[in-house]
Amino acid sequence: MAETGLPILRQGLGRTQRRDAWWAEIIPVIIVLGGFGLYATFRAFEGAFYDPRLYGFASPYLSPFYSPLIDVNHHWWRWSPALLILGGPLGFRATCYYYRKAYYRSFFWSPPACSIPDARPRYSGETIFPFLIQNIHRYFFYLAVLLVVFLWWDALLAFRFPNGFGIGLGTLILVANVAMLSLYTFSCHSCRHLCGGYLDSFARAPLRYRLWRTFNRLNARHGMYAWISLFSVIIADVYVRLVAMGVLTDLRFV
């Protein structure tokens, strides 16, 4: 009988017969997603009573982390207003099909890669709490669409300077950010399903068919939009924050 000549390794955490750098794919995910989570938490709790008008607003720019502005003066919400907002986009990303695959592999090792043992001896999938709540992803999608509408309004307001119409570097950054967020949101599997993915036949729904095909093409690049929009949000927030603090001076084109 033919023999491979490869030693049989005892199964254990990370033990495998693979000789390639299988871990190279999960390390960037840990760094980027973990870093984004820490940064978002820092921004949400920055200051005892965080006022977005100090660090998140530089006329006419509003940071996407604090849009829309809710109870800025703390009339009924004593904590950071950002906590009322960040739950929506973070919940949308946390329950996203693409991100679930990414962080299940990277943070939970479930499994980290093909032919790599799972970190847990028994696989339970999404049948136990808190993973059962992943099924509410479609409802986070509706909330994400609403937030995208607010961000587009903020992007339009970014053209309105105190002295009239204008275009600054911040304007372009905010427009690019909401464009990337729109591509990520509307390339979602839930959007494709809503537009007609659940239909058995498109024979009597030609418009739904055209919408389904359009969003289906976007869905093919959903993972790419997920990462680009993650960086665009951070870039937009950092830029507005630095301008608001006086560290940077906004570059005006018009």
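User: What share of the contacts with a separation of 6 or more comes from residues 24 or more positions apart?

Analyst: Residues 24 or more positions apart supply 69% of the contacts in the chain that have a separation of 6 or more. Keep in mind that this is a predicted model.

User: Which elements does the chain have, and in what order do they run from the N terminus?

Analyst: The chain has nine helices and four strands. From the N terminus on, the order is α-α-β-β-α-α-α-β-β-α-α-α-α.

User: How many of the residues count as buried?

Analyst: The cut-off is a relative accessible area under 20%. Of the 254 residues of the chain, 39% count as buried. As for the surface, the chain exposes about 15,000 Å², and carbon and sulfur atoms supply 66% of that area.

User: Which residues have the most contacts inside the largest nonpolar core?

Analyst: They are Leu33, Phe65, Phe92, Tyr99 and Tyr184, in a core of 36 residues. Helices H1 (26–45), H3, H4, H5, H6, H7, H8 and H9 each give two or more residues to this core. There is also a second, separate core of ten residues, with Ala58, Phe161, Leu174 and Tyr239 among them.

User: What is Phe65 in contact with, leaving aside its neighbours within four places in sequence?

Analyst: Phe65 is in contact with Phe36, Tyr39, Ala40, Arg43, Ala82, Ile85, Leu86, Val233 and Asp237. Take Val233 from that list: this residue is found in helix H9. Val233 is buried because its relative accessible area is 9%. Beyond its neighbours within four places in sequence, Val233 is in contact with Phe36, Pro64, Phe65, Asn177 and Leu181.

User: Is Thr185 buried or exposed?

Analyst: Thr185 has 3% relative accessibility, so Thr185 counts as buried. Its place is in helix H6. With neighbours within four places in sequence left aside, the contacts of Thr185 are Phe92, Phe141, Ala144, Val145, Val148 and Cys191.

User: How should I read a helix such as H8? Which of its residues are buried?

Analyst: An α-helix has 3.6 residues a turn, so residues three or four places apart point the same way. Helix H8 covers residues 206–219, 14 residues in total, and spans 20 Å from its first C-alpha to its last, close to the 20 Å expected at 1.5 Å a residue. The buried residues of H8 are Phe215, Leu218 and Asn219. They cover an arc of only 100° around the axis, so they are on the same side of H8. What covers them includes helix H6 (169–186), helix H7 (189–197) and helix H9 (222–245).

User: Now the backbone. Where is the peptide bond cis?

Analyst: Omega is the angle to read here. The peptide bond from Ser59 to Pro60 is cis, with omega near 5°. Pro60 is in the loop between strand E1 (57–58) and strand E2 (61–62). Another cis peptide bond joins Ser67 and Pro68, with omega about 0°. Pro68 is in the loop between E2 and helix H3 (83–94).

User: Which residue has a positive phi although it is not a glycine?

Analyst: Trp109 does, with a phi of about 50°. Its place is the loop between helix H4 (97–106) and helix H5 (137–157). Trp109 counts as partly exposed because its relative accessibility is 23%.

Note on methods: Residues numbered from 1 in each chain as written. Predicted model: local features only at pLDDT ≥ 70, side-chain atom pairs only at ≥ 80, totals over all residues. Heavy atoms only, no water. Expected span 1.5 Å × (residues − 1). Buried < 20%, exposed > 50% of the residue type's maximum accessible area, 1.4 Å probe, protein only. Arc of directions from axis to C-beta. Contact = heavy atoms within 4.5 Å. Areas by Shrake-Rupley, 256 points an atom, 1.4 Å probe, with all protein chains shown as cover. Core = buried A, V, L, I, M, F, W, Y, C linked by side-chain atoms within 4.5 Å.
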